[in-house]
Amino acid sequence: MASVYLYVPNLIGYARLLLLVISWIYFEHSTLFLYCYSISIILDGFDGYFARKLNQISAFGAWLDVVIDNLGRTMLWCYLHPKIGFLFISTEWLAFVCLHTSGPHWKTSFTNAPFWVTAVMAKGFKTLPGIVTIAGLNVLPLWLYKFQHNIQLPFNDILDTTVYPCLIAGRLLCLAVELWCIMTHITHMVKMEEEAKKQ
């Protein structure tokens, strides 16, 4: 049996990490940056697929996946908009700490959540609210990079007036879910401590 470090999903994670380092080095070279960063995001979908397909789900792999996601977005937000980025990145890392206590199956630990949280998390984010949230989380920083580097896309004006507001809405919904997770974790910790004191 292969070491957890050599599981296929984790090897994909190491490749994603290398792509992030290249992205960071070439941040001002928009073409190379966008290719490397975008490939890293696309590979994020494959590590989970192979983890399930090859029965290589692990706590380390779940941790590595989210750490790489957060590192990439941290890099982007720090370069693009440090003040707003600080809010998003701090909340992401806090939510990560809170959710990681659930291990590799953290996505399924939302049974008692409000409807708007379960709508986002349902079917592994494969619902309209989930897709909008994940797009806001991952694509909004790239969209801001596009603005900052004056990158023009086909139908640029139409995309800017339709896609950009959806990305902002998705990121704000993500922020709301993250804040709910943090508050739920804090409430649970305090409750456990109070119960322990009663015994």
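Reply: Asparagine 10, leaving aside its neighbours within four places in sequence, is in contact with Val4, Tyr5, Ser58, Phe60, Gly61 and Leu64, where contact means heavy atoms within 4.5 Å. This is a predicted model, so local features need pLDDT of at least 70 and side-chain atom pairs count only at pLDDT 80 or more, while totals for chains, interfaces and linings use all residues. Residues are numbered from 1 along each chain as its sequence is written, and side-chain values use heavy atoms, with hydrogens and water left out.

Asparagine 10 lies in helix H1 (residues 8–25); helices here are DSSP runs of H or I, at least four residues, numbered from the N terminus.

On to leucine 34, which sits in helix H2. At 24% relative accessibility, leucine 34 is classed as partly exposed. Not counting residues up to four places away in sequence, leucine 34 touches Leu142, Tyr145 and Ile151. Leucine 34 and leucine 142 are 108 residues apart in sequence, yet 8.1 Å apart in space, C-alpha to C-alpha.

The axes of H2 (residues 30–53) and H6 (residues 128–148) come within 12 Å and cross at roughly 175° (axes are lines fitted to C-alpha atoms over the stretch in contact, and angles run from 0 to 180 degrees between N-to-C directions). That makes H2 roughly antiparallel to H6, a label for angles over 145 degrees. On the H2 side, Ser30, Phe33, Leu34, Tyr37, Ser38 and Ile41 meet Asn138, Leu142 and Tyr145 in H6. By class, this contact has six nonpolar, three polar and no charged residues (Ala, Val, Leu, Ile, Met, Phe, Trp, Tyr, Cys and Pro are nonpolar, Asp, Glu, Lys and Arg charged, the others, Gly among them, polar).

Then there's H4 (residues 82–100) with H7 (residues 156–198): they pack at an angle of about 45°, axes 9 Å apart. That makes H4 oblique to H7, the label for what is left once under 35 degrees (roughly parallel), over 145 and 65 to 115 (roughly perpendicular) are taken out. Residues meeting there include Leu87 and Phe88 from H4, and Arg171 and Leu175 from H7. The residues of this contact divide into 10 nonpolar, two polar and three charged.

Terms used: Helices (H or I, at least four residues) and strands (E, at least two) are DSSP runs, numbered from the N terminus. Buried means under 20% relative accessible area, exposed over 50%, partly exposed in between (1.4 Å probe, protein chains only).
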